[in-house]
Amino acid sequence: MAARQMIIGMHLGNGYGNLPGAWRAPSVDPQSYTSFDAKVRHAQAAERGKLQFLFLPDGPTHVGDLANEPPHFNLDVMVTLAAVARETKRIGLVATGSTTFNEPFNLARQFKALDVMSHGRTGWNAVTSSGEDVAANYGRRLPSSADRYARAHETVQLVQTLWGSWGKDAWVHDQASGRFANAEQVAPVNMSGKFVASRGPLYIPPSEQGQPVLFHAGGSPNALELAGRFASGVIGAAFTIDDARTQRAAFRASAERAGRNPDEIKFFAGLMTTIANSRREGLDRRITLSGRTFTQRASYLGQMLGLRLDPARLDEPLSPEQLAGARPSPGDPRSVQALKIAREGWTLRDVLAHGVIDYHPVIVGPAVHAADHMQEWFEAGAVDGFWVSPDIYEDGVDAFVEGVVPILQARGLFHREYDGATLRHHLGAPTQYGIDPRLAL
Ligand SMILES: Cc1cc2nc3c(=O)[nH]c(=O)nc-3n(C[C@H](O)[C@H](O)[C@H](O)COP(=O)(O)O)c2cc1C
């Protein structure tokens, strides 16, 4: 039997990269935010590395410093993936879509159309959305978590039912007989719940993988339950191996409670990368592009370490007295790593340049460090793979693909070729058309 290998996705965001200052890098076209050519280029780079999927987060709002930094998200995730689908062949295309602020019929139609267009490479990251600022864009208030998740359960089932409403073999398209479809196999769904309803049918035939694959992102008990029932992939966030292992186990247990095989749900931890020849070179790249934010961040780092840090002294390491008095904040799982880096003697500016306040673990330095991190987490049973977010897409995807991927391949931890053409195949997700009959019971 072949050894278990990891699955890797790549974050495809605003066109620049995860560093707030990525848009100002000399190698970057500052108009990449609106450039679909740029998104296609980054997707093709990930496909050269045989990565299994692209992940496009989305929270249709902008709350940030637009005067200095670009928005985080794509102009529109579905339009971006339509462009990417036409210029790539194998890589999976996973877009985020809100169950709270979309009608199931719209979701069903757009995702299945993309799945047909991409020949079975589409995934839907079904999220419930959070934040009043998102709700305000729809002229609404954010519903309670209970209501958002209740609507999410209804929405996913309705979307999957709509996907299955065009029967698997309904499309005849026989020119000789003049028969286009077996109309009796294209049936309305006539579903209505407390939150959503649709008559159907959805008039789109199956793709090469039947229908899109479900993903979820979120960590609450509600999120666990939703993912356990429906998701084949979980877009996760974890700062330690123990945390990731606990989360992965919880998602697997939830899938089992729903009557599924736990191997059907794959947990992907986030990883942010600055791949460089040396750690010093990587830190300098990050300082040049995003050092502007460090003065503000110093006070937060102080809270994480239980210290008062002076933002005017960014070029000094923490004193022995400070290090002796530091207490990692139990409320912030990043604090232990932050203190570990500080104890290595780096200046405050360098500590911040390590990304100790970022959303995911950050690797700054040679490719082998990223490969070691990924191997350790994978072999510890903490993850099924990763979703990787490069600092700058324009060269950071290539750096990952040319640096990290060959090391993982040489260690037998990552495949060398795509051996299938659909996202379902890449993930090992079981065949499904319409709703999962096990859950319908
Ligand atoms: C790694 C990760 C990625 C996420 N990506 C998105 C996203 O792209 N869009 C979104 O609206 N929410 C996203 N979420 C948020 C969740 O969907 C959820 O709304 C949030 O975690 C609140 O969780 P809860 O509603 O389960 O309490 C993400 C969450 C995690 C952990």
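The protein chain comprises domain 1 (7–276 + 366–440) and domain 2 (279–353), with bounds taken from an automatic or database domain assignment. The model is predicted: local features need pLDDT of at least 70, side-chain atom pairs count only at pLDDT 80 or more, and totals for chains, interfaces and linings use all residues. Residues are numbered from 1 along each chain as its sequence is written.

The centres of the two domains, taken over C-alpha atoms, are separated by 34 Å. In domain 1, 12 residues are in contact with 11 residues of domain 2; contact requires C-beta atoms, placed from the backbone, within 7 Å.

The table gives the residue classes of two groups.

Among the 20 residues around the ligand, Pro-57, Val-127, Ala-217, Gly-218 and Ser-220 come nearest. A residue is near a molecule if its C-beta atom, placed from the backbone, lies within 6 Å of it. Two or more residues of this shell come from each of β3 (92–98) and α6 (221–230); such elements are DSSP runs numbered from the N terminus, helices (H or I) having at least four residues and strands (E) at least two.

Leu-54 touches residues including Gly-9, Met-10, Val-84, Ile-91 and Val-94, not counting residues up to four places away in sequence.

Note on methods: Two residues are in contact if their C-beta atoms, placed from the backbone, lie within 7 Å.
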